[in-house]
Amino acid sequence: MHEVATVILAAGLSHRMGAQDKQLLSVRGRPMIAHMVDVYRRATQGPVLVVTGHARAGVEAALRDSGATTVFCDSYAEGQASSVACGLAHAPDAAALLIGLGDQPFLTAKDLQDLLKAHASAGAEKISIPRHGDSRGNPIVVPHSLRPRLTENPRAPGCRRFTQDNPQHVQFHEMAAPGFYRDIDTPEDYQALLTQLEKEDA
């Protein structure tokens, strides 16, 4: 069993991005999804599984040399819960499973390591969720013992419904890093990312 494994959700339709698929937008000269895989691999040294859907061919091509594996979710159009269920069904065995999004390029490897440390310090028996004020972030950390619980209700699989209905299995960690709470949904979001990267590189 691995210490930590990762499932990255990259199956969405990207409706708000327009003609471009956000997973393939350039981040420091690489497709965003490849950048995200690299961040998770550097943080955990563990296996990474990417759930594909709408832009399957492009995502698979972008990840060809990334070290990640992919799985296609044929029900991706039904929403994120179906992608989570697909990822859980194919995820590597691990004591802790990170379930994250493919469009959070503001996240850093240190952010993820800080979350994993908080999870371990709290006992690692509950699902760990980053939170800052009223904002709930991603990724979350799921202990091995609770993985089956996330798909026990086939009509409502996934993380959010389970964590809402079972607060006794959830622990929130105060994490101030903005990467946990920012994703790329619109052209304006992407432009804000490019502006920040230009400032960092100046």
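The legends below describe close-up views of one predicted model. In this predicted model, local features need pLDDT of at least 70 and side-chain atom pairs count only at pLDDT 80 or more, while totals for chains, interfaces and linings use all residues. Residues are numbered from 1 along each chain as its sequence is written, and side-chain values use heavy atoms, with hydrogens and water left out.

**View 1. Strand 4 and strand 5 pair in the parallel sense.** Strand 4 covers residues 48-52 and strand 5 covers residues 69-72, with 4 bridges between them. Helices (H or I, at least four residues) and strands (E, at least two) are DSSP runs numbered from the N terminus, and two strands pair if DSSP finds at least two bridges between them. Val 51 has Val 71 of strand 5 as its bridge partner. Between the two strands the chain passes through helix 2 (residues 56-62), and this β-α-β crossover is right-handed. The term right-handed applies if, with the strands pointing away from the viewer, the path from the first strand over the helix to the second runs clockwise.

**View 2. The largest nonpolar core has 35 residues.** A nonpolar core is a set of buried Ala, Val, Leu, Ile, Met, Phe, Trp, Tyr and Cys residues joined through side-chain atoms within 4.5 Å. Buried means under 20% relative accessible area, exposed over 50%, and partly exposed in between (1.4 Å probe, protein chains only). Tyr 40, Val 50 and Ile 184 have the most contacts inside this core. At least two of its residues come from each of several elements, including strand 1 (2-10), strand 6 (94-101) and helix 6 (187-201). Helix 1 supplies the largest share, 8 residues.

**View 3. Val 50 touches residues that include Ile 8, Val 37 and Val 71.** Contact means heavy atoms within 4.5 Å. Leu 63, Ala 68 and Thr 70 are also among the residues that Val 50 touches, when residues up to four places away in sequence are not counted. A second, separate core of 25 residues includes Val 51, Ile 127, Leu 146 and Phe 162.

**View 4. Asp 38 forms a salt bridge with Arg 42 and another with Arg 30.** A salt bridge is a side-chain nitrogen of Lys or Arg within 4 Å of a carboxyl oxygen of Asp or Glu. The closest N and O atoms of Asp 38 and Arg 42 are 3.0 Å apart, and the N to O distance between Arg 30 and Asp 38 is 3.9 Å. Asp 38 and Arg 42 both lie in helix 1, 4 residues apart, about one turn of the helix. Arg 30 is partly exposed at 33% relative accessibility, as are Asp 38 at 28% and Arg 42 at 43%.

**View 5. Cys 73 is in no disulfide.** A disulfide is a pair of cysteine sulfur atoms within 2.5 Å, and the structure holds 0 of them. The cysteine sulfur nearest to that of Cys 73 belongs to Cys 86, 4.5 Å away. Cys 73 is buried because its relative accessible area is 2%. The sulfur of Cys 159 is 13 Å from the closest cysteine sulfur, in Cys 86, and is therefore too far for a bond. Cys 159 also counts as buried, at 11% relative accessibility.
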